[in-house]
Amino acid sequence: MNKFNYFKPSTLTEASEILRKYGENAHILNGGTDLVVRIREDLLNPEAVVDIKGIEELHHINYNEKEGLTVGACVSLSDMAHNEAVVKHFPVIADSAEVVGSGQIRNLATMVGNNCNASPLADTATPLLALDANLLVYSPEGNKKISIHDFFVGVRKTSLKTGEIVIAIRVPSYTSMKGVFKKASRRKDVDLSTVCTTVVRINNDEIRIALGAVAPTPIRAKKAEGFAKGKDLTDEVVHQIAKLAVEDATPIDDVRGSKEYRLHMVEVLVRRSLEELRY
Ligand SMILES: Cc1cc2nc3c(=O)[nH]c(=O)nc-3n(C[C@H](O)[C@H](O)[C@H](O)COP(=O)(O)OP(=O)(O)OC[C@H]3O[C@@H](n4cnc5c(N)ncnc54)[C@H](O)[C@@H]3O)c2cc1C
């Protein structure tokens, strides 16, 4: 590991200035559970590491009916998964956070870091995609909102520009929403997803399906969603939706599973989720 400059600013303006000064050689440090591993393994050699945990405004989590849920960048996965509003209104997000790594990892790791890392298999990405979340972003040109659908642009690539920092993730509130998160991995605990899925049912007539680890970014299964719209979830419809969900997936073979296994698991996980959503 090479030496680097460590900064711990207390404002977003200060953090952004440092990031702009060092350009692509600077990295934001949040929980550090992805970044530190990559630095230690010499996959990254930063000149500057900007620790954002000293910025007080990034540590809050709020819920209200009008704006929905706002999870600050530095809120740990453990704190978020056990937050009363998350458990009550967005249990599907809590469920996805609860399977990330181990208890020790979840005490450090954040949902913002999980998504900014832009891994195709990030567990908390699929519920956020299914629920049309937005990222609230500090930008030197003025704060902005990025839809999660425009955020992931490739493996480990987001649409953030130099000097931009995600302040929080905001999830809209729904009058009627039920969701199921599922993860297939080589072992039950402390393992990355071979495939993960989130299926949500909104207002009893809309089904949304998000898939992880089966494309360069987490994706929505649009063909299956279009077919499902307004239909009763009979056995035959559930079977058809699950089959169609596979059509948007373009997985690769890797150490966690073959392409064929992943395609099969998309169908299995989506079918099981829909069966749970019927009741
Ligand atoms: C043992 C182990 C097991 C794991 N298991 C899982 C698992 O089961 N599922 C899973 O999905 N992940 C897993 N991970 C990966 C990791 O824990 C998660 O991705 C974690 O949520 C990352 O959050 P963090 O706060 O630690 O991010 P960091 O490591 O601090 O940052 C990750 C990336 O996001 C950027 N970033 C962070 N915050 C911001 C911000 N506010 N604005 C802009 N960019 C930002 C950083 O610069 C970096 O590029 C595991 C990791 C380990 C070490």
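Me: Before we start, how are residues numbered, and what pLDDT do local features need?
Reply: Residues are numbered from 1 along each chain as its sequence is written. The model is predicted, so totals for chains, interfaces and linings use all residues, side-chain atom pairs count only at pLDDT 80 or more, and local features need pLDDT of at least 70.

Me: Which domains does the domain assignment give?
Reply: Domain bounds come from an automatic or database domain assignment. For this chain, the assignment gives domain 1 (5–54), domain 2 (56–171) and domain 3 (177–277).

Me: Which helix supplies the largest share of the side of domain 1 that touches domain 2?
Reply: The centres of domain 1 and domain 2, taken over C-alpha atoms, are separated by 18 Å. Their contact takes 14 residues from domain 1 and 17 residues from domain 2, where two residues are in contact if their C-beta atoms, placed from the backbone, lie within 7 Å. Helices here are DSSP runs (H or I, at least four residues), and strands are too (E, at least two), numbered from the N terminus. On the domain 1 side, the largest share, 5 residues, comes from helix α1 (residues 12–22).

Me: Why does the shell around the ligand lie between domain 1 and domain 2?
Reply: Look at which parts of the chain supply the shell: β2 (26–29), α2 (35–40), α6 (103–108), α7 (111–116) and β10 (165–171) each give at least two residues. The shell lies between the two domains because residues come from both domain 1 (5–54) and domain 2 (56–171).

Me: Which residues come nearest to the ligand?
Reply: A residue is near a molecule or strand if its C-beta atom, placed from the backbone, lies within 6 Å of it. The largest share of the shell, 4 residues, comes from α7. Of the 30 residues around the ligand, the nearest are Gly31, Gly101, Gly113, Asn114 and Cys116.

Me: How many residues of the shell around the ligand are charged?
Reply: Ala, Val, Leu, Ile, Met, Phe, Trp, Tyr, Cys and Pro count as nonpolar, Asp, Glu, Lys and Arg as charged, and the others, Gly among them, as polar. The shell has 18 nonpolar and 10 polar residues, and its charged residues number 2.

Me: Which strands stand at the edges of the sheet of 5 strands?
Reply: Two strands pair if DSSP finds at least two bridges between them. This open sheet is antiparallel, in the order β4-β5-β10-β6-β7. One side of each edge strand is left without a neighbour in the sheet, because each has a single partner strand; the edges are β4 (61–64) and β7 (144–147).

Me: At what angle do helix α11 and helix α12 pack?
Reply: Angles run from 0 to 180 degrees between N-to-C directions, and axes are lines fitted to C-alpha atoms, for helices over the stretch in contact. The axes of helix α11 (residues 235–245) and helix α12 (residues 259–277) are 8 Å apart, and the packing angle is about 145 degrees.
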